[in-house]
Amino acid sequence: MSQAPSLLPARTPLRPALLLAALFAAFTFFIHFASSLWGTHLGYGYFRDELYFLVCGHHLAWGYVDQPPLVALQGRLAEALFGLSPTGIRIFSFAAGGVTVALTGLLARQLGGSRPAQILAMSAVLAAPVFLGTANFLSMNSFEPCFWMGSLLVVLRLADCSARPRAWLLFGLLAGLGIENKHSTVFFLVALLVGLLCSPQRRILWSRYCAAGVALLILLALPNLLWQWVHNFPTYEFLSGVAHSDKNIKLPPLVFLFEQVKILLFSTAPLWLGGLVWLAFSRSARPWRFVALTYLTFLAMMMAMHGKDYYVSPIYPVLFAAGAVAFSELTRTRRDQPVLIYAAVLACTCVFATGPIVLTILPPEVYAAYTAPLGLNSARSEKFTSPLPQILSDRFGWPQMVEGFAARYNTIPPDVRSQTAIFCGNYGEASAVNILGPAYGLPTAISGHQNYFYWGWNNYSADSVLTLGNDAADYKDNYAEVTDLGPFNAPWIMDHEHHHYFWLRHRKRPYAQDWPQFKYWY
């Protein structure tokens with residue numbers, strides 16, 4: 001242990017590095033905040049998952065079928081503090097995007113990078129489509145790189161002896177919260193353990209503080225684990241069902257690797273690939289060799305499990321940081337000019353390419369024309385299609401859909417209307433009714449999709465039901481009367497959301513008797 005400090009690089013002072021990171025974080029927050037406000041003006045509304053997370057926030061629990069509890073808590077707090085608006089509920093995610101960028105700069109400093117290297121690393125993360133896009137709305141993915149890179153920064157400091165062993169407690173805190181944010185953190189931690197065990201830095205694991213940090217991690221993750229156990233591990237059942245279905249597009253290894261380049265931006269590929277090589281082979285990176293092993297292990301795990309291409313993305317900030325340090329070392333005789341030029345190129349790319357593509361700053365018709373030559377909508381991780389990329393199309397149509405329900409609900413005779421349920425086929429539709437519907441006097445929508453199955457049928461008998469579907473014949477086996485109330489259409493919505501409204505009467509068996517059949521985890 002006594003030899004490790006001799007390998008440490010000369011680092012820039014911490015205070016200027018923190019200030020630089022804070023400036024980048026504030027700028028990132030401003031980009032997201034401004035683009036969200038402008039996007040709302042252009043007609044971009046709530047993203048499908050945001051509506052669901054808000055409803056989960058109204059049913060706070062230690063777990064849900066398809067996620068741990070933190071994203072629901074994030075939505076509940078944001079709604080309470082900033083109001084129910086697309087921009088208001090995203091404030092914490094905007095901040096998380098800024099923290100991710102800032103942590104990248106601090107990682108570059110930890111690896112021995114100069115201030116220009118820190119600027120280059122942060123510019124690369126800011127310009128990468130996957131980070132700019134996922135931090136622009138309420139999601140688990142906005143906080144995921146914060147927890148991963150925060151805990152990894154702690155381990156880097158422990159590995160080069162710039163932090164005392166008690167820092168393992170901070171690692172346990174961040175890693176435990178990461179698991180409560182998204183379960184994929186478990187796979188990252190397994191990859192990190194493999195990386196450490198396969199490197200000389202395994203020595204840092206044999207510490208009572210490491211044991212205490214792991215105990216803290218387990219303690220924080222325990223509430224969700226207990227919830228899973230009590231409910232017979234629904235998340236495993238859900239993920240297993242998806243894995244054995246045709247929902248996700250399964251990419252072969254080479255295509256998966258190519259998608260990594262695309263979601264991170266082609267112009268940043270030399271940086272993160274160079275960072276991986278530098279971590280794996282450079283003498284100056286010897287104290288952190290385990291990071292390269294961690295990345296390769298995690299990448300192999302995601303490819304083997306046919307994960308979505310963006311599942312690997314939270315680990316890339318450290319590769320950007322390493323790449324910036326390597327590039328700075330390579331061009332050190334030129335007084336950092338190439339480093340700053342590279343950063344300027346990435347900044348311009350963010351303004352003219354990444355920003356217009358993943359943020360809500362172009363009207364949809366202009367966006368479609370602007371991106372048509374790029375074929376962006378041909379790259380999908382799920383089978384569903386849409387006129388715009390799913391991350392944008394899923395922000396359209398919800399108010400019109402709810403207005404359509406309200407118009408038809410109000411035509412039902414009052415004595416029947418009071419007993420009429422709104423049943424929706426997926427959590428997006430149900431959540432839109434439950435978040436936007438109260439303004440129209442609509443009742444609570446029910447569904448069998450995801451966690452809605454656990455929330456039940458709200459004591460409806462199913463004698464009178466409004467729903468969205470595709471064909472009246474789908475309902476005639478269970479209902480005595482099926483009335484087509486006309487189509488639902490709105491511009492730019494997902495292709496599978498073009499439906500008809502149906503009024504269903506006199507279900508042959510009540511919801512209470514048949515509810516297990518409505519379970520739909522997909």
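In this predicted model, Arg505 pairs up with Asp463 in a salt bridge, with 3.6 Å between the closest N and O atoms. The two residues come from distant parts of the chain, 42 residues apart: Arg505 sits in strand 5, while Asp463 belongs to the loop between helix 22 (452–455) and strand 3 (464–469). Arg505 has a relative accessible area of 13% and is buried, whereas Asp463, at 32%, counts as partly exposed. The cut-off for buried is under 20% and that for exposed is over 50%, so a value in between is labelled partly exposed.

Another of them brings together the side chains of Glu497 and Arg48, at 2.8 Å from N to O. Here the link spans 449 residues of sequence, from Arg48 in helix 2 (residues 48–57) to Glu497 in the loop between strand 4 (479–488) and strand 5 (499–507). Both ends are tucked away from solvent by the accessibility criterion: Glu497 is buried at 4% relative accessible area, and Arg48 is buried at 7%.

A further salt bridge joins the side chains of Arg509 and Asp514, again with an N to O distance of 2.8 Å. Arg509 is partly exposed, its relative accessible area being 38%, but Asp514 is buried at 2%. Elsewhere, salt bridges with shared partners tie Arg48, Asp394 and Glu497 into one network.

Turning to the nonpolar side of things, the largest core holds 138 residues, and the members touching the most others are Tyr316, Met401 and Phe405. The top contributor to this core is helix 7 (residues 144–159), which supplies ten residues. Leaving aside residues up to four places away in sequence, Phe405 is in contact with Ile422, Cys424, Val433, Leu442, Leu466, Thr467, Leu468 and Tyr501. Leu466, Thr467 and Leu468 in that list fall within the range of strand 3 (464–469), and Tyr501 falls within that of strand 5 (499–507).

How values were computed
Residues are numbered from 1 along each chain as its sequence is written. This is a predicted model: local features need pLDDT of at least 70, side-chain atom pairs count only at pLDDT 80 or more; totals for chains, interfaces and linings use all residues. Side-chain values use heavy atoms; hydrogens and water are left out. A salt bridge is a side-chain nitrogen of Lys or Arg within 4 Å of a carboxyl oxygen of Asp or Glu. Helices (H or I, at least four residues) and strands (E, at least two) are DSSP runs, numbered from the N terminus. Buried means under 20% relative accessible area, exposed over 50%, partly exposed in between (1.4 Å probe, protein chains only). A nonpolar core is a set of buried Ala, Val, Leu, Ile, Met, Phe, Trp, Tyr and Cys residues joined through side-chain atoms within 4.5 Å. Contact means heavy atoms within 4.5 Å.
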